[in-house]
Amino acid sequence: MYYTLTNSQIAFVLEGSEQILALRAKVRVEKQDITTMKWHETFSEWSNLMIRMPGSYLPNWIMAGSYWTDDGWEFVFAKKPRGLIQPVLSSVLVIETRKQRYSRLTIETTKQNAKEIIAWWKDK
């Protein structure tokens, strides 16, 4: 996966098998729709109700795709998730939006990439 930034939008582009596992090729978010962004070394703050629709979850391998939760639609892409019920992810950027689909994106990335994306968002 890689990301592209324009003045008004960020796009996360999935490649090859990532597209098959997430059942998506690209996820875009308008800068104006983003409410918060935060990078987490470890992340496990999930809604009580979370249904994979569609996507893949294979513990210790991948968590990718769309999830319907009691808080709205989420998109997740992370490798090596730990746990079954409340997965623990490492090195993820969490983006919260005003949109119904996706109200939250949880994307695995490096801390340096997260800093670049957060700086882009704060530059309004």
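Tutor: Partly exposed means a relative accessible area between the two cut-offs, with buried under 20% and exposed over 50%. Keep that in mind. This is a predicted model.

Student: Why is Ser 91 called partly exposed?

Tutor: Its relative accessibility is 27%. Buried needs under 20%, and exposed needs over 50%.

Student: Where does Ser 91 lie?

Tutor: In strand β8.

Student: What makes the phi of Ser 91 worth a remark?

Tutor: Phi is near 55°. That is a positive value in a residue other than glycine. Most residues other than glycine have a negative phi.

Student: Which value does phi take at Leu 23?

Tutor: Phi of Leu 23 is near 55° as well, again positive in a residue other than glycine. Leu 23 sits in the loop between α1 (17-22) and β3.

Student: Why does Leu 23 count as exposed?

Tutor: Its relative accessibility is 52%. Exposed means over 50%. The value passes the cut-off, so Leu 23 counts as exposed.

Student: How do you know whether Val 94 is buried or exposed?

Tutor: Take its relative accessibility, 4%. Buried means under 20%. So Val 94 counts as buried. Its place is in strand β8.

Student: What does Val 94 touch, leaving out residues up to four places away in sequence?

Tutor: Its contacts include Thr 36, Met 37, His 40 and Phe 43. Arg 104, Leu 105 and Thr 106 are also among them. A contact needs heavy atoms within 4.5 Å.

Student: How far is Val 94 from Ile 51?

Tutor: Their C-alpha atoms are separated by 19 Å. Along the chain, Val 94 and Ile 51 are 43 residues apart.

Student: What makes Ser 8 partly exposed?

Tutor: Its relative accessible area is 39%. Buried is under 20% and exposed is over 50%. The value falls in between, so Ser 8 is partly exposed. Ser 8 lies in the loop between β1 and β2.

Student: Which residues is Ser 8 in contact with, beyond its neighbours within four places in sequence?

Tutor: Val 29, Glu 30, Lys 31 and Trp 120. As for Gly 55, it is 47 residues from Ser 8 in sequence and 27 Å away in space, C-alpha to C-alpha.

Student: How do you know that β1 and β2 pair?

Tutor: Count the bridges. Strands pair if there are at least two bridges between them. Four bridges join β1 (residues 2-5) to β2 (residues 9-13). So β1 and β2 pair, and they run antiparallel. A hairpin of three residues links β1 to β2.

Student: Which residues face each other there?

Tutor: Thr 4 stands opposite Ala 11 in β2. Leu 5 has Ile 10 as its bridge partner in β2.

Student: What makes β2 and β3 a pair?

Tutor: Five bridges link β2 to β3 (residues 26-30), in the antiparallel sense. A pair needs at least two. So β2 and β3 pair. Within this pair, Phe 12 stands opposite Val 27 in β3.

Student: Why is β2 called largely enclosed?

Tutor: Four of its five residues are buried. Therefore β2 is largely enclosed by the rest of the structure.

Student: What makes the bond between Met 53 and Pro 54 stand out?

Tutor: The peptide bond is cis, with omega about -20°. Most peptide bonds are trans. Pro 54 has its place in strand β5 (residues 50-58).

Student: What is omega for the bond from Arg 101 to Tyr 102?

Tutor: Omega is near 10°, and this bond too is cis. Tyr 102 is in the loop between β8 (89-97) and β9 (104-108).

Student: How many helices and strands are in the protein chain?

Tutor: Two helices and nine strands. From the N terminus, the order is β-β-α-β-β-β-β-β-β-β-α.

Student: Why is the protein chain called as compact as a globular protein of its length?

Tutor: Its radius of gyration is 13 Å. The globule rule gives 14 Å for 124 residues. The two values are close, so the chain is as compact as a globular protein of that length. Its C-alpha atoms fill a box of roughly 40 × 30 × 25 Å along the principal axes.

Student: What share of the residues counts as buried?

Tutor: Of the 124 residues, 45%. Each of those has under 20% relative accessible area.

Conventions
Residues are numbered from 1 along each chain as its sequence is written. This is a predicted model: local features need pLDDT of at least 70, side-chain atom pairs count only at pLDDT 80 or more; totals for chains, interfaces and linings use all residues. Side-chain values use heavy atoms; hydrogens and water are left out. The radius of gyration is taken over C-alpha atoms; the globule rule is 2.2 Å times the number of residues to the power 0.38. Buried means under 20% relative accessible area, exposed over 50%, partly exposed in between (1.4 Å probe, protein chains only).
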